[in-house]
Amino acid sequence: DYRGARETAIKETAEKIKESALSVVMFTDHEKLPDLDFVIELTRLTGRTILRGVELNVFVDAWSKPEGKIEKSLFFHVLVGFDPEEDADYALKNIYQECRSEDRKLQSETIKGICDFKKLCETAPKFGALIIPAHLHSTSDAFKSRSIDDIYSDAEFLKLCPHFTALEVTSQTTASFFDGKH
């Protein structure tokens, strides 16, 4: 979440990228892609590979759990980053159509989310996309923890792991679990 002045965002971001050892950087926004001109200019200024990405909401009932087992107000975030050679706008539109997106009213806000996570795992790679399950999210006070660490050993989750490019975890135990044997 960028907190600087909008007028200097590209210059400041380009400087930070050039100071880093990173060769690939992905920018994401909630439910939509970052501005294409922003990414093109950063690529020009840094000489690095800059990916456009999106932070998708995936409703947890996509895990095929029985109604009542999982509260419908829970969702998790998945980062999807697109190959710079692909049309990311077209790809995202296709993902929302193919993966049964819907709007849900959760407390005082309405969010757009994906209902078919398995379909996302099939569809996104067709566009050269990275798939990175990130953190759980919810309306207030649903759980104390919001980490994928809480569901990593779930059988439904493990079936999908071969489709992931990476995972966002906060626990060394979770990181150790994914040692190539699971």
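To begin with exposure, I call a residue buried under 20% relative accessible area, exposed over 50%, and partly exposed in between (1.4 Å probe, protein chains only). This is a predicted model, so local features need pLDDT of at least 70 and side-chain atom pairs count only at pLDDT 80 or more, while totals for chains, interfaces and linings use all residues. Residues are numbered from 1 along each chain as its sequence is written, and side-chain values use heavy atoms, with hydrogens and water left out.

**Entry: positive phi**

With 48% relative accessibility, Arg100 is partly exposed. Arg100 sits in the loop between helix 3 and strand 4; helices (H or I, at least four residues) and strands (E, at least two) are DSSP runs, numbered from the N terminus.

Glu31 is another non-glycine with a positive phi, about 65°. I found Glu31 in the loop between strand 1 and helix 2, partly exposed at 27% relative accessibility.

**Entry: the hairpin**

Strand 4 (residues 101-106) and strand 5 (residues 109-114) run antiparallel and are joined by 6 bridges; for two strands to pair, DSSP must find at least two bridges between them. The two strands make a hairpin with 2 residues between them, and Gln107 in the turn has a positive phi of about 55°. I also noted that Lys105 has Thr110 in strand 5 as its bridge partner.

**Entry: cores**

Next I checked nonpolar cores, meaning sets of buried Ala, Val, Leu, Ile, Met, Phe, Trp, Tyr and Cys residues joined through side-chain atoms within 4.5 Å. The largest has 25 residues, and those touching the most other members are Leu56, Val78, Val80, Phe82, Ile95, Phe117 and Leu120. Strand 2 (49-59), strand 3 (74-82), helix 3 (88-98) and helix 4 (117-123) each supply at least two residues of this core. Helix 3 gives the most, with 5 residues.

What does Val80 touch, leaving aside residues up to four places away in sequence? Taking contact as heavy atoms within 4.5 Å, I get a list including Met26, Leu56, Ile95, Ala124 and Leu130. There is also a second, separate core of 8 residues, with Phe38, Val39, Leu42 and Ile50 among them.

**Entry: rings**

I paired rings of Phe, Tyr and Trp (its six-membered ring) if their centres lie within 6.5 Å; planes under 30 degrees apart count as stacked, over 60 as edge-to-face and the rest as tilted. This gave 3 aromatic pairs. One of them, Phe27 with Phe38, is edge-to-face, at 5.1 Å centre to centre and 90° between the planes. Phe27 lies in strand 1 (residues 24-27) and Phe38 in helix 2 (residues 36-46), so this pair ties together parts 11 residues apart in sequence. Phe38 is buried at 18% relative accessible area.

Phe117 and Phe164 form a tilted pair, 5.9 Å centre to centre with 50° between the planes. Phe117 is in helix 4 and Phe164 in the loop between helix 5 (155-160) and helix 6 (172-177), so the pair ties together parts 47 residues apart in sequence. Phe117 is buried at 1% relative accessibility, and Phe164 is buried at 12%.
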